[in-house]
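Thanks for coming. I will walk through one structure, and I will take it piece by piece.

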Amino acid sequence: MNELKQSLFAQHNFESLIFENKFRAGGIARIVQDLRGDDIESANHQLDLLRESEEAEGELWYHIVGAFARHKAGRLLEAKIELRRVAEMQSVDSLITLWAWNMLRAWGQMPDDDIAQKVLGVVMEVGLDKGMDVMAAYEDGTSRYVSKTGSMIVWDDHGDHNNDLARKIVAAAQAIAPQLPASTADAVTSTGKVQFSVLTIGGIRGIIAPMNELSRAATPLSPLFNASKELLISLIKTVEESKQK
């Protein structure tokens, strides 16, 4: 899977998520330095020392780095506990929550039935001549758009009209998620087709439909497709207006 799909579907590996971050000086930075040097014993020792400190209490990256260090040491149960804390944290980016659940499922820990179908994001891939347009929207209101030419819009601002549109997409996907079949991030669509990948806590659910059918007739996918078009137009307009200022 390419790096773009990893980012949109929150399927980064631990190394890219941790080692591409620039941590400030402190306990977590020292642990990451040990992990970079493959000194797993020292990293886990530093985690134990840091556990009761203010730096670790409620700290997202302490638990992410901790899960990686425990896993590298073969302490899978502790790694799952640390990662579950990340998955259940409030007020964190939807992509981080999705990533944590993706890792937990890969480690054999499935979510409870009452939360498994909760939608945290939607990826829409539109097959075009000589390429594909891709847009992703997440529960926290953030979104991404990648055109077939490779240009990209990353929308991480909050309190904006685009955030409401992104949440509208997630809400439309939530309404149909239980009826969609299981899918994967590796699934691809073809020219003239639109593929929706609904990112739930329990995994990806997806469907592919002809673009002309979605554009011309009312279907169960119409609310999702129309909401996605609305956000796409708004994102492009917002960026164009910002360039004119």
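**An exposed loop residue, and what follows from there**

At 52% relative accessibility, Asp 38 counts as exposed, where exposed means over 50% relative accessible area, buried means under 20%, and partly exposed is in between, with a 1.4 Å probe and protein chains only. Before I go on, this is a predicted model, in which local features need pLDDT of at least 70, side-chain atom pairs count only at pLDDT 80 or more, and totals for chains, interfaces and linings use all residues. Residues are numbered from 1 along each chain as its sequence is written, and side-chain values use heavy atoms, with hydrogens and water left out.

Back to Asp 38. The loop between helix 3 and helix 4 holds Asp 38; helices (H or I, at least four residues) and strands (E, at least two) are DSSP runs, numbered from the N terminus. Asp 38 is not a glycine, yet its phi is positive, about 60°. Most residues other than glycine have a negative phi. Ala 10 also has a positive phi, of about 55°, and is not a glycine either. Ala 10 sits in the loop between helix 1 (3-8) and helix 2. Is Ala 10 buried or exposed? Ala 10 counts as buried, because its relative accessibility is 0%.

**Helix 5 and its surroundings**

Next is helix 5, residues 60-72. Its 13 residues reach 19 Å from the first C-alpha to the last, close to the 18 Å expected at 1.5 Å a residue; the expected span is 1.5 Å times one less than the number of residues. Of those 13 residues, eleven are buried, so I describe helix 5 as mostly covered. Among the buried ones are Trp 61, Tyr 62, Phe 68 and Arg 70. What do the buried residues of helix 5 pack against? They pack against helix 2, helix 3 (27-36), helix 4 (40-50), helix 6 (76-87) and helix 7, with contact meaning heavy atoms within 4.5 Å.

At the N-terminal end, Glu 59 caps helix 5, with a side-chain oxygen 3.0 Å from the backbone nitrogen of Trp 61. A polar contact here is a pair of N or O atoms within 3.5 Å; within protein, one must be able to donate a hydrogen and the other to accept it, and residues adjacent in sequence count only if both atoms are side-chain atoms. Just after helix 5, Gly 74 takes a positive phi of about 80°.

Asn 44 lies in helix 4 and counts as buried at 4% relative accessibility. Leaving aside neighbours within four places in sequence, Asn 44 is in contact with Ala 69, Arg 70, Ala 73 and Arg 75. Asn 44 and Ala 69 are 25 residues apart along the chain, and their C-alpha atoms are separated by 6.1 Å. A polar atom of the Asn 44 side chain lies 3.2 Å from the backbone oxygen of Ala 69.

**Aromatic pairs**

Searching the whole structure gives five aromatic pairs. Rings of Phe, Tyr and Trp (its six-membered ring) pair if their centres lie within 6.5 Å; planes under 30 degrees apart count as stacked, over 60 as edge-to-face and the rest as tilted. One is Phe 14 with Trp 99, edge-to-face, at 5.1 Å centre to centre and 85° between the planes. Phe 14 is in helix 2 (residues 14-19) and Trp 99 in helix 7 (residues 94-106), so this pair ties together parts that are 85 residues apart in sequence. Phe 14 and Trp 99 are both buried. Ring pairs link Phe 14, Phe 19, Phe 68, Trp 99 and Trp 107 into a cluster.

Six strands form an open sheet in the order 4-3-2-1-5-6, with antiparallel pairing; two strands pair if DSSP finds at least two bridges between them. Strand 4 (152-155) and strand 6 (203-210) are the edge strands, each pairing on one side only. Four bridges join strand 2 (residues 131-138) to strand 3 (residues 143-146), and Ala 137 stands opposite Ser 143 in strand 3. Ser 143 counts as buried, at 0% relative accessibility. Its contacts, not counting residues up to four places away in sequence, include Ile 153, Trp 155 and Leu 231.

Ser 228, in helix 11 (residues 222-244), is buried too, with a relative accessible area of 1%. Its side chain reaches the backbone oxygen of Leu 224 at 2.8 Å.
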